[in-house]
Amino acid sequence: MPALCNRPIASPDSLPRRAALPVLALLAALLGACSQPQQGDPEARASRIEPVAKISLKVQKVAPGSRTGEQVYQGTCAGCHAAGALGAPKTGDAAAWAPRIAQGFDTLTKNAINGIRQMPPRGGGADLTDTEVQRAVAYLANSGGAKFAEPPVAK
Ligand code: HEC
């Protein structure tokens, strides 16, 4: 092994203090520069992050369990029911919904929760509560002529 490797590492005490001072000053200046963009007018800063803040507020408003039928419909059910994909009864199509509605609200809800043929359980919305599915079923069936009462969202 070369003799160089065996040399003891210089201890802090043996470093010339006068050399260390300018280095520290330079470091402080650099760190100061890094934090510059975060300073300044708080208003301007708030407006820069505004769009992101708005989005997260929206998400918080519709916490799981408290989504309305329309919100659940738009988020989960419309994907198939708006266009009638996979043979789904189309939103607002009274002829397609009449025989479904005739089964009654409870059967429709049960089938929507458990899934039926091409429709996956809860329409694929695994985090939907039973009540949220109920609300969406009411919203969807009512678009096709039913008069089901959508379970209210607790305030
Ligand atoms: C992946 C596509 C898809 C999604 C998403 C979907 N559905 Fe469906 N849905 C279907 C299909 C297909 C049928 C028809 C099933 C059949 O009877 O063959 C159906 C049927 C239904 C029926 C009638 C059930 C019956 O007993 O006749 C209800 C009610 C329903 N869906 C509610 C919903 C609700 C509420 C959502 C959202 C939470 C949803 N669906 C999301 C595909 C979907």
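Tutor: A crossing is left-handed if the near helix is turned anticlockwise from the far one by less than a right angle, and right-handed if clockwise. Helices here are DSSP runs of H or I with at least four residues, strands are runs of E with at least two, and both are numbered from the N terminus. The model is predicted, so local features need pLDDT of at least 70 and side-chain atom pairs count only at pLDDT 80 or more, while totals for chains, interfaces and linings use all residues. Residues are numbered from 1 along each chain as its sequence is written.

Student: At what angle do the axes of α5 and α6 cross?

Tutor: Axes are lines fitted to C-alpha atoms, for helices over the stretch in contact, and angles run from 0 to 180 degrees between N-to-C directions. The axes of α5 and α6 cross at roughly 120° and come within 9 Å. Angles under 35 degrees count as roughly parallel, over 145 as roughly antiparallel, 65 to 115 as roughly perpendicular and the rest as oblique. α5 and α6 are therefore oblique to each other.

Student: Which residues make the contact of α5 with α6?

Tutor: Two residues are in contact if their C-beta atoms, placed from the backbone, lie within 7 Å. From α5 the contact uses L108, T109, A112 and I113, and from α6 it uses D130, V133, Q134, V137 and A141. By class, these residues are 6 nonpolar, 2 polar and 1 charged. The classes are nonpolar (Ala, Val, Leu, Ile, Met, Phe, Trp, Tyr, Cys and Pro), charged (Asp, Glu, Lys and Arg) and polar (the others, Gly among them).

Student: Take A112 in helix α5. Is A112 buried or exposed?

Tutor: A residue is buried if 20 or more other C-beta atoms lie within 10 Å of its own, exposed if 12 or fewer, and partly exposed in between. A112 has 22 other C-beta atoms within 10 Å, so A112 is buried. Leaving out residues up to four places away in sequence, A112 touches G123, V133 and V137. A112 and V137 are 25 residues apart in sequence, yet their C-alpha atoms are 7.5 Å apart in space.

Student: How do α3 and α6 pack?

Tutor: Their axes are 9 Å apart, at an angle of about 70°. α3 and α6 are therefore roughly perpendicular to each other. This crossing is right-handed. α3 contributes G69, E70, V72, Y73, C77 and H81, and α6 contributes E132, R135, A136, A138, Y139 and L140. Those residues divide into 7 nonpolar, 2 polar and 3 charged.

Student: Which residues come nearest to the ligand?

Tutor: A residue is near a molecule if its C-beta atom, placed from the backbone, lies within 6 Å of it. There are 31 residues around the ligand, of which C77, C80, A88, M119 and G123 come nearest. The elements giving two or more residues to this shell are α3 (69–81), α5 (105–114) and α6 (130–143). α3 gives the most, with 6 residues. By class, the shell has 17 nonpolar, 11 polar and 3 charged residues.

Student: What should I look for in the backbone angle phi?

Tutor: Most residues other than glycine have a negative phi. L86 has a positive phi of about 60° although it is not a glycine. L86 is found in the loop between α3 and α4 (94–101). With 11 C-beta neighbours inside 10 Å, L86 counts as exposed.

Student: How many helices and strands does the protein chain have?

Tutor: The protein chain has 6 helices and 0 strands. Of its 155 residues, 19% count as buried. Among contacts between residues at least 6 apart in sequence, 64% join residues at least 24 apart.
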